[in-house]
Amino acid sequence: VMKLNPQQAPLYGDSVITVQLSEEDKVEDDVVFYLVFTGSTVQHCTSTRKINPGSLETISPGHDCCETVKVALCASREGHPVLVVAEESFQFVQDEAYDAAQFLATCAGNQQALNFTRFLDRSRPPAADVDFLDEKVTLAFRHLKLPAEWNVLGAEQSLTENIPRETLMHFAVRLGLLRLTWFLLQQPGGRGALSIHNNEGATPVSLALERGYQKLHQLLTEEGAREPDSWSTLSHTVHSGSYSVRHHRGLGVYLLTAEA
């Protein structure tokens, strides 16, 4: 018997899962444990990190749909066959951060929706909440399958380049979302958004300056600015055909995803 805590994770993954082992499975030094998540169309295998003899830690994979999957805890020891030690079910869900990322991606060019995001700004969330929001929404955005023609400025961006308007970049900068700003900069239209004025004449760059977001301002203005430190707490993905491998630097955990 093993206990997974929590027993669910958002579709975009990257949340910490603790695995409580039963008495007889207490970790011996030469045993390597990993988890296999089997969904309807994809399978994930994650390495684990030992916290103490009775518990392990891993990172939830990003999954392709909301569903309940089977999780097998496997143990491997040199010279011995791999054993399935325990099985448990686990659920992938769509959460508010995922909804928010979908909403933002869909309304990249929609002025009414972007003006609504300005309304959010008046209720200035505390810094810890902003950091949480920044991480989760960026993870979710990264996980969305954006259409090939997707652009930070929306679909009609080229026709109206000099018209004052709100952009997703204004939104990210106004709230001080460092990771999301960095993500948007890498997308089509991201750099172009930096010089667009809104109805008050503010560009994302001038907003960063006006609000005293120094790191953010550097990110937007320095030639060859590097990804923010906070970005490195997220996992990095390498794709190869129908496989992908993620490495979570924070925990040193690896995740392999393959089509089942």
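Start at the largest pocket, which holds about 560 Å³ of space. The model you have open is a predicted one.

**Stop 1: the pocket**

Select His-143, Lys-145, Thr-237, His-239 and Ser-244. Of the 23 residues that line the largest pocket, these are the closest to its centre. By type, the lining divides into 8 nonpolar, 10 polar and 5 charged residues.

Strand E5 (42–47), helix H3 (127–143), strand E10 (236–240), strand E11 (243–248) and strand E12 (253–259) each supply at least two lining residues. Which of them gives the most to the lining? Select E12: with 4 residues, this strand gives the most.

**Stop 2: the two domains**

Colour the chain by its domain assignment: domain 1 covers 3–94 + 233–259, and domain 2 covers 96–227. Go back to the largest pocket with these colours on, and its lining shows at least three residues from each of domain 1 and domain 2.

Zoom out to view both domains. Their centres, taken over C-alpha atoms, are separated by 33 Å. Where the domains meet, 13 residues of domain 1 are in contact with 12 residues of domain 2.

**Stop 3**

In soluble globular proteins, nonpolar side chains tend to be buried together. For the case here, select Phe-90, Phe-141, Leu-168, Leu-180 and Leu-184. Among the 60 residues in the largest nonpolar core, these five touch the most other members. Helix H5 (residues 178–185) provides the largest share of this core, 6 residues. The core also draws at least three residues from each of domain 1 and domain 2.

Leaving out residues up to four places away in sequence, Phe-141 touches Ala-101, Leu-104, Ala-105, Leu-146, Trp-150, Leu-168, Leu-180 and Phe-183. Two of these contacts, Leu-168 and Leu-180, were in the selection that opened this stop.

**Stop 4: Leu-177**

Select Leu-177, in the loop between helix H4 (168–174) and H5. Is Leu-177 buried or exposed? Its relative accessibility is 2%, so Leu-177 counts as buried, the cut-off for buried being under 20%.

Show the neighbours of Leu-177. Not counting residues up to four places away in sequence, Leu-177 touches Val-130, Leu-133, Asp-134, Phe-171, Ala-172 and Leu-216.

To finish, draw a distance from Leu-177 to Val-137, C-alpha to C-alpha. The two residues lie 40 residues apart in sequence and 9.5 Å apart in space.

How values were computed:
Residues numbered from 1 in each chain as written. Predicted model: local features only at pLDDT ≥ 70, side-chain atom pairs only at ≥ 80, totals over all residues. Heavy atoms only, no water. Core = buried A, V, L, I, M, F, W, Y, C linked by side-chain atoms within 4.5 Å. Buried < 20%, exposed > 50% of the residue type's maximum accessible area, 1.4 Å probe, protein only. Domains from an automatic or database assignment. Contact = heavy atoms within 4.5 Å. 1 Å grid on protein atoms, 1.4 Å probe; cavity = no way out; pocket = protein on both sides within 12 Å on 5 of 7 lines; lining within 4 Å. Points joined across faces, edges and corners; volume = space filled by probe spheres on them. Nonpolar A, V, L, I, M, F, W, Y, C, P; charged D, E, K, R; others polar.
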